[in-house]
Amino acid sequence: MRHWSEEDPWADDDPGPLVRPYTVTRGRTSSARPGIELISLISTVRPPTRDQRLQPEQNRLLALCRTPTALVEAAARLDLPVTVIRVLLDDLLDHQLVSVSPPSATGTPDARFIQAVIDGIRRI
Amino acid sequence: MAFAESDPGRTALAPDAATAKILVAGGFGVGKTTLVGAISETEPLRTEELITEASVGVDDLAGVERKTTTTVAMDFGRITLSQALVVYLFGAPGQDRFWFMWDDLSRGALGAVVLADTRRLESCFPSVDFFEHRGIPFAIGVNCFDGRCEEDEEEIRAALDLAPDVPLVLCDARDRESVKRVLLALLEHVMRGLAAEAAATW
């Protein structure tokens, strides 16, 4: 007996990470929290308590963000889409296990800020 | 692609560090990821986003009931300037059908480097149009492969129909110092723009 997917002309040979990431999010595909940008920094505030039952991916995110890490970098390092990290973050923020840098920290282009970037790049 | 989850070599950022974003645009295969890699303190990182059929837009899906998804890859790198300041460089997908992603990506960006290859200059026209229309400051980096930089700047300017204030820098996308010069040309252009804006306001 053939598996149903073998008869499906639309089935991809390599469906890639289609199912798994959104299993991680229990089907949620978007986060209600505005103001979290690709370059917002996520920082772990404290470890979860015993009764906070997190998913393995959330634990990995907490471990990674002990060093403050941008949303997009967390996605790349955990090999999950940005949208999935956003959803995982929702729970962690609800439990106050992480903080996210405010939108004002993500590159407001005023002269002092640009000058700091120029000086920094000259130095490296 | 496997990445280590810890990265002991990096400067630890403060949780409230300021983050900046610079885009790297240009046609397919022009060297965007090479440029990012030349200056990033990490190997270029990649994140893949799943885009549903509805967002893709230009694909002709008439009569096709089933939803399809497309994966769009974004390569990026990080430059930690201090504990309080980090710059992310994003090399974004160059194909026309992914332009919708650019609105998201360019929000909050300081500006963009448009990487050009003189052998197919036209491949960077869409990027130039995009940033011009949205008023996002940009600089052109002309990638001179194999150190071959005999191009005439004025000819390239004319071909791209660039405004006189847009910086154009001949560069080697593999060379860190060369990439620094392109980024500085862009940022100094952004500064001049802010100064002009302030002068107009007062």
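Q: In what order do the strands of the open sheet in chain A stand?
A: This is a predicted model, where local features need pLDDT of at least 70 and side-chain atom pairs count only at pLDDT 80 or more, while totals for chains, interfaces and linings use all residues. Residues are numbered from 1 along each chain as its sequence is written, and chains are lettered from A and ligands numbered from 1 in the order in which they are written. Strands here are DSSP runs of E with at least two residues, helices are runs of H or I with at least four, both numbered from the N terminus, and two strands pair if DSSP finds at least two bridges between them. The sheet has 3 strands with antiparallel pairing, in the order β2-β1-β3.

Q: Which strands stand at the edges of this sheet in chain A?
A: An edge strand has a single partner strand, so one side of it is left without a neighbour in the sheet. In chain A that applies to β2 (69-70) and β3 (98-100).

Q: Which residue of β3(A) stands opposite A:Thr44?
A: Strand β1 of chain A covers residues 41-44 and pairs with β3(A) in the antiparallel sense over 3 bridges. Opposite A:Thr44 stands A:Val98.

Q: Which helix gives the largest share of the side of chain A that touches chain B?
A: The contact takes 37 residues from chain A and 39 residues from chain B; residues are in contact if their C-beta atoms, placed from the backbone, lie within 7 Å. On the chain A side, β1, α2 (56-64), α3 (71-78) and α5 (111-123) each supply at least two residues. The largest share, 10 residues, comes from α5(A).

Q: How are α5(A) and α6(B) oriented to each other?
A: Helix α6 of chain B spans residues 176-201, and its axis comes within 10 Å of that of α5(A), crossing at roughly 160°. Axes are lines fitted to C-alpha atoms, for helices over the stretch in contact, with angles from 0 to 180 degrees between N-to-C directions. Angles under 35 degrees count as roughly parallel, over 145 as roughly antiparallel, 65 to 115 as roughly perpendicular and the rest as oblique. The two helices are therefore roughly antiparallel.

Q: How many nonpolar residues are in the contact of α5(A) with α6(B)?
A: Among the residues making this contact are A:Ile114 and A:Ile118 of α5(A), and B:Leu183 and B:Leu187 of α6(B). Ala, Val, Leu, Ile, Met, Phe, Trp, Tyr, Cys and Pro count as nonpolar, Asp, Glu, Lys and Arg as charged, and the others, Gly among them, as polar. The contact has 3 charged residues, 1 polar and, for the class asked about, 11 nonpolar.

Q: Is B:Val87 buried or exposed?
A: B:Val87 is found in strand β4 (residues 85-91) of chain B, and its contacts beyond four places in sequence include A:Val117 and B:Ile22. A residue is buried if 20 or more other C-beta atoms, placed from the backbone, lie within 10 Å of its own, exposed if 12 or fewer, and partly exposed in between. B:Val87 has 25 such atoms within 10 Å, so B:Val87 is buried.

Q: Which residue of β6(B) stands opposite B:Ala116?
A: Strand β5 (residues 111-116) of chain B runs parallel to β6(B), joined by 5 bridges. In β6 (residues 138-143), 6 of 6 residues are buried. B:Phe138, B:Ile140 and B:Val142 point one way, while B:Ala139, B:Gly141 and B:Asn143 point the other way. Opposite B:Ala116 stands B:Val142.

Technical notes:
Contact = placed C-beta atoms within 7 Å.
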